[in-house]
Amino acid sequence: MLVSKSNFMTVKVHPQVVIPSASCYFTSKQETYTIWMKSLVLGCKGCTVFDAKGQLVYRVDNYNCNFRDEVNLMDSKGKVLFTVPRKRFKLFRFWEGYRSTDKEIEMKRPGFQVRKTLRIPRGDSPCEVIVGLDENQPRHYKIHSWSSCKSACKLVDQFGGLVAELKRKKSAGGVDLGNDVLTLVVEPYFDHSLIMGVFVVYCLINCKM
């Protein structure tokens with residue numbers, strides 16, 4: 001059952017804008033976000049992200065017709081947090097996230113890289129994720145999906161430990177709110193902005209944006 005846009009507003013998916021502080025990118029507790037796979041800007045492609053209180057925290061807005069070649073993850077004020085271009089190497093395509101500073105985007109070394117692995121017959125074909133490249137201390141993760149529509153997946157570390165989980169959002173009554181409304185749950189002590197950048201790439205890979 002899909003929920004109309006009029007009902008969509010009643011569940012606080014599109015509330016007032018509140019600018020987050022830089023410290024909100026790390027917390028000591030589990031955090032839950034609502035991702036609306038739509039841009040708030042008319043005519044743009046992208047997505048809009050709200051926290052558990054219904055406050056706008058992240059956004060992706062892009063006028064470019066070649067949208068999937070490069071996207072910018074921004075905070076609620078429009079400051080770019082990560083620039084994510086698509087790269088090509090021979091037959092392989094992958095995305096790299098370059099973290100911004102107060103003055104410019106650091107394009108020398110990416111903060112993360114996401115690429116899809118070769119398809120496994122009759123099984124999951126996970127995305128490989130490497131983070132920490134900007135610190136020269138890479139850590140390896142994988143995104144596993146278990147839904148044919150690719151709206152349900154989880155990011156795990158090299159030991160199988162859960163980092164974050166993406167799934168369809170449900171109303172208080174347990175009703176699915178549609179394919180374009182998702183819930184992202186991030187475990188404690190992870191950079192939420194980086195995790196959001198990784199899942200933006202996942203949505204690009206699966207043509208969800």
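This is a short exchange about how terms are applied to a predicted model.

Biologist: What are the ground rules here?

Modeller: The model is predicted, so local features need pLDDT of at least 70 and side-chain atom pairs count only at pLDDT 80 or more, while totals for chains, interfaces and linings use all residues. Residues are numbered from 1 along each chain as its sequence is written, and side-chain values use heavy atoms, with hydrogens and water left out.

Biologist: What is the mean pLDDT of the chain?

Modeller: The mean is 78, and 74% of residues reach 70 or more. pLDDT is the predictor's confidence in each residue, from 0 to 100. Over residues 1–23 the pLDDT is below 50. Where pLDDT is low, the predicted coordinates should not be read in detail.

Biologist: What makes the strands a barrel?

Modeller: 12 strands close in the order β1-β2-β3-β4-β5-β6-β7-β8-β9-β10-β11-β12, with antiparallel pairing. Strands are DSSP runs (E, at least two residues) and helices are too (H or I, at least four), numbered from the N terminus.

Biologist: How do you know that β1 pairs with β2?

Modeller: Two strands pair if DSSP finds at least two bridges between them. Three bridges join β1 (residues 31–36) to β2 (residues 45–50), so the two strands pair. Tryptophan 36 stands opposite threonine 48 in β2.

Biologist: Why is the contact between arginine 99 and aspartate 191 called a salt bridge?

Modeller: The term needs a side-chain nitrogen of Lys or Arg within 4 Å of a carboxyl oxygen of Asp or Glu. The closest N and O atoms of arginine 99 and aspartate 191 are 3.1 Å apart, so the pair qualifies. Arginine 99 sits in strand β6 and aspartate 191 in the loop between β12 and α2, 92 residues apart.

Biologist: Why is aspartate 191 called buried?

Modeller: Buried means under 20% relative accessible area, exposed over 50%, partly exposed in between (1.4 Å probe, protein chains only). Aspartate 191 has 13%, so it is buried. Arginine 99, at 27%, therefore counts as partly exposed.

Biologist: How many salt bridges does a search of the whole structure find?

Modeller: The search finds five. Among them, lysine 87 and glutamate 96 meet at 3.0 Å, N to O. Lysine 87 is partly exposed at 28%, whereas glutamate 96 is buried at 10%.

Notes: Contact = heavy atoms within 4.5 Å.
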